[in-house]
Amino acid sequence: MSTATEDGSNGYEAVADIYVAGRGTRSPVGDSVGAAVVRAWANGFPRDATVLDLGSGPGEPSTRILQEAGLTTYAVDASPTMVAAFRERYPGVPIERNTVEASEFFNRTFSGVLAWGLLFLLDPASQALVIEKVARALKPEGRFLFTAPREPLKWLDGMTGRPSESLGGRTYEQLLRDAGLMWVADTEDEGGNHYYFVEKV
Ligand SMILES: C[S@@+](CC[C@H](N)C(=O)[O-])C[C@H]1O[C@@H](n2cnc3c(N)ncnc32)[C@H](O)[C@@H]1O
């Protein structure tokens, strides 16, 4: 059963103001959870590379970090409030208000795709679909970074109360392999978020 809301944001539109005021606003002291992992990943691309930020929220910290690395960025988010906050922060930076499942940006090609805090919000079939779309949109040797727990797990999202589901490393590895991608490494950040580093074979 799909948990998508009418806007497709899986409950995030209803909490977008709180999210933007919290994680979505740059702290004067220190950086947000996961920023160091995303920065290290972003710094591994040539400076003219193009990267897609899936479920970008307001673009803080993810799109900001990608831009600081000199990358050309595209973003997609289903929440109108998140997209408005993004446009305020990054005028002129392409963002599509759409679900990642239906995003037009998958008609383009990218050197990298980032999905921080997104994949496990989608139902399992949509997660598999997005992995396939990412695989098709990545250039040869392109890289994909996403967060999801290492183990198969179902829980209620802390902000929205909606069901979340990690398919777990074994299933993600299979889905990635079937799509022509390879899970090459993983790590955890200071907030306990698990990262899957993936490359196009
Ligand atoms: C946990 S937040 C993560 C935001 C951002 N990546 C970050 O680093 O803070 C999840 C985001 O995904 C968006 N989202 C949820 N389901 C989506 C979907 N199916 N398509 C596009 N965006 C979605 C929400 O609107 C929200 O902005």
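Colleague: Hi! What should I keep in mind about the model and its numbering?

Modeller: Residues are numbered from 1 along each chain as its sequence is written. The model is predicted, so local features need pLDDT of at least 70 and side-chain atom pairs count only at pLDDT 80 or more, while totals for chains, interfaces and linings use all residues.

Colleague: Thanks. What is the strand order in the open sheet?

Modeller: The order of its seven strands is β3-β2-β1-β4-β5-β9-β8, with mixed pairing. Strands pair if DSSP finds at least two bridges between them. Strands (E, at least two residues) and helices (H or I, at least four) are DSSP runs, numbered from the N terminus.

Colleague: Which strands stand at the edges?

Modeller: Those are β3 (95-97) and β8 (181-188); each has a single partner strand, so one side of each is left without a neighbour in the sheet. The twist from one strand to the next averages 15°. Axes here are lines fitted to C-alpha atoms, for helices over the stretch in contact, and angles run from 0 to 180 degrees between N-to-C directions.

Colleague: How many bridges join β8 to β9?

Modeller: Seven, and the two strands run antiparallel. Glu188 stands opposite His194 in β9. β8 and β9 form a hairpin with five residues between them, and Gly192 in the turn has a positive phi of about 80°.

Colleague: And β1 with β2, parallel or antiparallel?

Modeller: Parallel: five bridges join β1 (residues 50-54) to β2 (residues 72-77). Asp53 stands opposite Ala75 in β2.

Colleague: New topic. Which residues are closest to the ligand?

Modeller: Tyr12, Gly55, Gly57, Ser79 and Gly117 are the closest of the 22 residues that surround the ligand. To count as near, a residue needs its C-beta atom, placed from the backbone, within 6 Å of the molecule. By class, the shell has nine nonpolar, ten polar and three charged residues. Ala, Val, Leu, Ile, Met, Phe, Trp, Tyr, Cys and Pro count as nonpolar, Asp, Glu, Lys and Arg as charged, and the others, Gly among them, as polar.

Colleague: Is Gly55 buried or exposed?

Modeller: Gly55 is buried, with 26 other C-beta atoms within 10 Å. Buried means 20 or more other C-beta atoms within 10 Å of a residue's own, exposed means 12 or fewer, and partly exposed is in between, with C-beta atoms placed from the backbone. Gly55 sits in the loop between β1 and α3.

Colleague: What is Gly55 in contact with?

Modeller: Leaving aside neighbours within four places in sequence, Gly55 is in contact with Asp77, Val100, Ala115, Gly117 and Leu118. Contact means that the C-beta atoms, placed from the backbone, lie within 7 Å.

Colleague: Back to helices: which residues of α2 are buried?

Modeller: In α2 (residues 35-42), Ala35, Val37, Val38, Trp41 and Ala42 are buried. Seen down the axis of α2, they fall within an arc of 165°, so they line one face of the helix. The arc is that of the directions from the helix axis to the C-beta atoms.

Terms used. Two residues are in contact if their C-beta atoms, placed from the backbone, lie within 7 Å.
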